[in-house]
Amino acid sequence: MKQIKTWLNESTYTSPLSPGCKMCSDGSKLVILITGLCPSNCYYCPLSKEKLGKDRIFADEWELTDESDTEKIIMEAEYIDATGAGITGGDPLIVWQRTKKYITLLKERFGPNFHIHLYTSGLKNNNYIENLVSSGLDEIRFHPMPNQWNKMDSSPILNSVNNAIDTGVDVAIEIPSIPKMEKQIISLVKWGDKKAIKWINLNELEFSETNAEAINKKDFTVKDDISAAIKGSQDTAYNVINLASNVDLNIGVHYCSSSFKDGIQLKRRIIRRAKNIAKKPDIITKDGTLIKGVIYTNKKTITYLANLLLKDYKIKNYEIYINKEKNRIEINPELLEKIAQNLKKIGLKCYIIEEYPTADRLEVERTPI
Ligand code: SF4
């Protein structure tokens with residue numbers, strides 16, 4: 001009998017666990033969405049409308065202008081002190097040359113220990129897997145369709161999986177934990193074990209703007225009011241792990257909860273980025289968001305206003321950041337509270353804002369003062 005290890009935020013696993021998952025939990029895996037194109041059409045696909053079926057590229061939240069805009073990939077990896085990257089989609093094998101280019105780039109820049117895994121439907125271009133492995137790919141995660149889980153020997157991806165195993169790369173399976181599909185998932189786990197697949201990741205199934213209609217048709221509901229996770233998905237994963245731990249299997253089974261993704265992986269990645277990109281006047285919260293005092297102005301007067309603040313209020317150079325992109329001056333929030341009344345008298349708008357340190361700088365809150 002294998003030991004079931006409880007991890008953070010309701011995630012559990014039996015060993016072995018992918019080194020990629022350990023890095024993810026540290027927030028040190030860069031997520032490259034290499035294309036929104038995919039030959040599969042899963043009803044539960046969580047990809048947003050803006051990405052699904054579109055050939056767009058993102059390094060975490062940062063969109064690349066085009067395939068050659070690789071500087072953003074390197075910068076984003078540096079901003080989060082990445083120790084590895086997960087290449088996802090869509091399906092990276094659809095743009096296998098781009099995938100090869102990025103694997104080569106990352107390995108050259110960050111060295112051979114920079115762990116790279118990719119996720120694929122395995123339906124197209126599987127003859128290039130060997131090529132990607134020779135460029136440095138460390139792990140490949142296949143996503144078979146649910147109707148294949150209990151008959152993998154006749155699955156359309158059988159050849160892809162066999163090809164991958166022959167290369168010696170770590171081969172894994174990654175699927176959503178669909179409620180009440182324990183029997184099919186266990187069958188898949190046992191098949192994977194016989195094939196010497198290293199581990200299987202079961203993701204908690206979630207509602208998204210694009211899959212909500214299809215998921216509703218299956219009569220699934222959310223597990224609680226504050227989560228997009230689907231009721232029963234976690235129980236199914238736990239049942240599978242319990243069953244798998246009672247059989248003598250080498251394959252690792254890992255359940256990744258929705259709250260693990262948001263509350264651990266994403267949060268830690270954000271905290272890492274905040275530490276590297278925060279400006280001197282910013283306050284970093286425990287969640288990694290940035291609190292700023294901002295004074296809005298315009299292109300013509302921004303430098304004049306900055307000089308005024310330096311002179312009249314004796315603000316030090318390092319206490320002020322001129323954000324020309326957003327036409328605003330950023331200073332420490334506590335400092336702004338002290339001088340806001342005077343600035344408002346001369347018609348300036350002052351706010352305390354909280355925003356993510358991510359490339360999209362998503363604003364969470366804005367309070368006028
Ligand atoms: S294989 Fe993945 S990316 Fe492609 S449609 Fe299915 S869930 Fe979406």
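1. Domain separation. The C-alpha centres of domain 1 and domain 2 lie 39 Å apart. The bounds are 5-273 for domain 1 and 279-368 for domain 2; such bounds come from an automatic or database domain assignment. Six residues of domain 1 and eight residues of domain 2 make up the contact, where contact means heavy atoms within 4.5 Å.

2. Basis of the values. This is a predicted model, in which local features need pLDDT of at least 70 and side-chain atom pairs count only at pLDDT 80 or more, while totals for chains, interfaces and linings use all residues. Residues are numbered from 1 along each chain as its sequence is written, and side-chain values use heavy atoms, with hydrogens and water left out.

3. Area between the domains. Domain 1 and domain 2 bury about 700 Å² between them; buried area is the accessible area (1.4 Å probe) that two parts lose on being put together, summed over both. Carbon and sulfur atoms carry 67% of this area. On the side of domain 1, the residues that lose the most area to domain 2 are E61, I270 and R273, which together give 69% of what that side buries.

4. One salt bridge is counted between domain 1 and domain 2, a salt bridge being a side-chain nitrogen of Lys or Arg within 4 Å of a carboxyl oxygen of Asp or Glu. A salt bridge also joins the side chains of K267 and D287, at 3.4 Å from N to O. Two residue pairs are in polar contact across the interface of domain 1 and domain 2, both at pLDDT 80 or more. A polar contact is a pair of N or O atoms within 3.5 Å; within protein, one must be able to donate a hydrogen and the other to accept it, and residues adjacent in sequence count only if both atoms are side-chain atoms.

5. Make-up of the domain 1 side. Helix α9 (residues 258-277) supplies four residues, the largest share of the side of domain 1 that touches domain 2. Helices (H or I, at least four residues) and strands (E, at least two) are DSSP runs, numbered from the N terminus. By class, the residues of this side of domain 1 are three nonpolar, no polar and three charged. Here Ala, Val, Leu, Ile, Met, Phe, Trp, Tyr, Cys and Pro count as nonpolar, Asp, Glu, Lys and Arg as charged, and the others, Gly among them, as polar.

6. Chain as a whole. The protein chain has eleven helices and 17 strands. Its C-alpha trace spans about 75 × 45 × 35 Å along the principal axes. Of its 369 residues, 50% count as buried; buried means under 20% relative accessible area, exposed over 50%, and partly exposed in between (1.4 Å probe, protein chains only). Among contacts in the protein chain with a separation of 6 or more, 69% are between residues 24 or more positions apart.

7. H117. This residue lies in strand β7 (residues 115-120) and is buried, with a relative accessible area of 9%. The side chains of H117 and K29 are joined by a polar contact of 2.9 Å. Leaving aside residues up to four places away in sequence, H117 touches G20, K29, A85, G86, I87, L137, E139 and R141.

8. Helix α1. G20, C21, M23 and S25 are the buried residues of helix α1 (residues 19-26). S18 caps the N-terminal end of α1, with a side-chain oxygen 2.9 Å from the backbone nitrogen of G20.

9. Salt bridges elsewhere. The whole structure holds 23 salt bridges. E63 pairs with R56 in a salt bridge, the closest N and O atoms being 2.7 Å apart; E63 is partly exposed at 29% relative accessibility, and R56 is partly exposed at 26%. In the salt bridge of D138 with K107, the closest N and O atoms are 2.8 Å apart. D138 is in the loop between α4 (129-135) and β8 (139-142) and K107 is in helix α3 (residues 96-110), so the pair ties together parts that are 31 residues apart in sequence. D138 is partly exposed at 23%, whereas K107 is buried at 12%.

10. A salt-bridge network. E355 and R361 form a salt bridge, with the closest N and O atoms 2.9 Å apart. Salt bridges that share partners join D282, K292, K326, R328, E330, E355 and R361 into one network. E355 is buried at 1% relative accessibility, while R361 is partly exposed at 25%.
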